[in-house]
Amino acid sequence: MNQSLTRGALLGALLTPATAVTADDADIDALRAELAAMRSQYESRIQALESRLHDTEQAAEAARRAANADALSLPMTAPRVLRSQGQASAQVPAGSRSAGLFDAVTAGAAFNPQISVILDGNYYQDDTKDGNGAALVGEAFQAGGGHGHDHGHDHGGGDDGHDHGGHAHAVAENGFNFREAEISFSATVDPYFDAATYISIDGDGNVELEEAYFQTRSLPYGLRVKGGKFLSGFGYANSQHPHQWDFVDQNLPYLNLLGFHGLQDTGVQVTWLPELPIYTLLGAEALQGNQEVFGATLDATEQAELNLGDTDSGPRLFTAFAKIAPEIGRNHALQLGISYAHATQQQAVQEHTHAVHEHDHEHEAEHGAEHAHADEHAHAEHHDDVHDHGDGITEELHRAGLAGDADLWGIDLVYKYDAPGADGRGDITVQTEYLRSSKDLTVRSSAHPERIGSNRTFTTDGLYAQATYGFLPKWKAGLRYDVLGLTNKVSGGRSDSFGSSERWTADVTWSLSEFSQLRAQYAYNDILIGEDDHGEARERFSAFYLQFLMSLGSHGAHEF
Amino acid sequence: MKRRLTRMLAGAMALLAAPVLALDVVATSPSMGALVRAVAPDAQLTVLAGPDRDLHSLQAKPSMIRALRGADLLVAVGAELEMGWLPAASASAANARILPGREGYFEAAAQVPLLDVGGPADRAMGDVHPAGNPHVDLDPVRMAQVAEALGARMARLDAANAARYRANAERFGAAVGQRLPQWQAELANAPGAVLYHRDAVYLLDRFGVPLLGTLEPVPGVPPSGRDLRALAGKLGGREGVIIHAPYQSPKGPRKLGQALGWPVETLPLSPPEDADGDGYLRHIDRWVSALGKA
């Protein structure tokens, strides 16, 4: 007996996970018999159940018919039983129900992609002199200048009065604006891939491919690969489309450090979701680097003019990000993220003008310090370097070309509370991000030859913090503070530090249904538009939006 | 003696091994969770939403994605009820086993005949779902059918325990069958109910209780004062009960209840989140007694 005990223990220990029960044949037979008995017993019970069910249904049907005779008892829409229990197998159900084993019921047609259209328009009013406040918030003064002159990335417009260096995004003008119609298609391609396309058409009819990518479905170990053109996983707000924002417009750090579209580029993304007790997502991307601001390169003509060299072959933009979400209860969600991006090539042009009185040309020496004017856009059309003002004052435009690389850091924190109230009442979201961009450049051409080869490191950071609260069913109020340029400096061969731009925004959003939203937004802007030896130039203004968002087609996903 | 020892040993081993062998199951709602517990009491279960939240309007959260990451089986109500967040969450979970069309994706609504199928796909009629009303989980008989299908699915996923899953599902079906006559008797003369949303029609339909109306004029749109007055005018002089879920605004139901002198009940669609098969039956008891109250 002792021996068999040892044997059993050994066997058990060896085979534990595979076959916990190593019973002998007799046991198995007994079990089988038991099971068979149980099965027959339950089969008869189920049969009894079914016949009882049949009776009930007939009774119910009779009751309903009787009820229907009385108009008052008619339900608003009578429950329609397309398939009664008895005919279940005979009838084909409506909707698309896959015939396979692992059914799902959807209203979508079998092979068509899910289609949705989002309409996004607004009425806008600000109290700036020129009514260009919506453009100004995207051109807040940065030490290193903001947008590069990437003429290759032309949005086709140019006659809307807010053309800056070839960009003509649908920036709101005073009055009515149609921001975009976003058309999206998404579908499962095959067992291996999902794919999606997002196309944006602005009010002038300019079409832009926002995203078009595939994503793997069945890689092992929690890996997913995305390829194509897509919004980078950098940060939190970056991957959101405008209609998903809690406010009408983008926050200052994203708008100024990353541009209107954020990091939207062509390349490959790999994410890894390891199987851990807390949500942890790690990701990395290699992107072509066709950027407007961060990692922007100039067009070939300017590159030649400014001795900047050609655009390197891609990929020129690399990102890495990590997100962690501790478990804090089913109705709460907290996510912390850290992101990094590196652009291997960054080009910039610095422009400044010298007002030169013809009779005291030596005055120019006073302007020996390099000015980093933010009004470069305003001068973009000045291709000749000298302007005669006709009053004895000549304006000289000096352009300096800089090239190097750039780094971007981001930290994001998001908290959401799903309250028990009806239609979002009591729901809370808090969202904050900090971005820091640092461009490490060398002067490659300048009107002042002694500066060539000198280093310039431009650092600008920014932060936004916003919260929303569902104060009534279907009604949500939001408050946002955003600031650009807490640090706003140039170091290296020249040292200088500049002020910041900031803004307070409050809005109220009314979601009449899941498919329509109306929003009113007020913002007080204090935007630094330029700074030189003579001091800061600021524009302080109020801006007001009324926005509508209409969602047509399939249900949108409530992504985190 | 020898056999008893072997058995004890085997039992101990089975206990030790259970956490390794148990299916990792994620259920979207507590009613699906109750079904999972009824069929596979040993399964490692995560329920994504509580009974006090609207399953249609949740948002994908990182904690859901984490739960889905290692799941062997995802049990959803289906028929587009969770479509706002579940596809987003399960796609982000990087777990091919639980994607729709795979063995590890189970939809209750796909196992049973649906009500409210068809109808115009026109959102002027509200948040309509022409594929059918998804709220099958309040019909105990359909849930017995779902349990049977769930047992079969679990048997495929975990062949070693196949017989147990099937037997448990049958036991649940038998328990439903046992309660059925009692529920029928209780509701035989129920005058009917006004619901907030068409979310309990399967239960009403099962027991032949008339649906006297819904508070919301069309799905997803809260009632206006005029809607309520119209409803009160139509139903005046009748008997009935008003039932709404905890996440639906209580204002309309209260007003209508006062106007008609009817009892107003707040009842979740799902049982408590730790409910098992018996918990689910008790949940139906609550609904039945609320419907019979009028």
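## Exercises on strands and sheets

**Exercise 1.** Which residue of β9(A) does Val268(A) stand opposite?

*Solution.* Let's start on chain A of this predicted model.
- Step 1: Look across from Val268(A), and you find Ala286(A) in β9(A).
- Step 2: Now widen the view to the two strands. β8(A) and strand β9 (residues 279-287) of chain A are antiparallel partners, paired over six bridges.
- Step 3: Follow the chain from one strand to the other: six residues lie between β8(A) and β9(A), and the two strands form a hairpin.

**Exercise 2.** How many bridges join β7 to β8 in chain A?

*Solution.* 
- Step 1: Find strand β7 (residues 223-231) and strand β8 (residues 264-272) of chain A, which run antiparallel.
- Step 2: Count the bridges that join them, and you reach nine.
- Step 3: Check one pair: Gly228(A) has Gly267(A) in β8(A) as its bridge partner.

**Exercise 3.** Why is one side of β6 and of β8 in chain B left without a neighbour in the sheet?

*Solution.* 
- Step 1: Write down the strand order of this open sheet of chain B, which is β6-β5-β7-β8 with parallel pairing.
- Step 2: β6 (211-214) and β8 (264-266) of chain B stand at the edges with a single partner strand each, so one side of each has no neighbour in the sheet.

Technical notes:
Residues are numbered from 1 along each chain as its sequence is written. Chains are lettered from A and ligands numbered from 1 in the order in which they are written. This is a predicted model: local features need pLDDT of at least 70, side-chain atom pairs count only at pLDDT 80 or more; totals for chains, interfaces and linings use all residues. Side-chain values use heavy atoms; hydrogens and water are left out. Two strands pair if DSSP finds at least two bridges between them. Helices (H or I, at least four residues) and strands (E, at least two) are DSSP runs, numbered from the N terminus.
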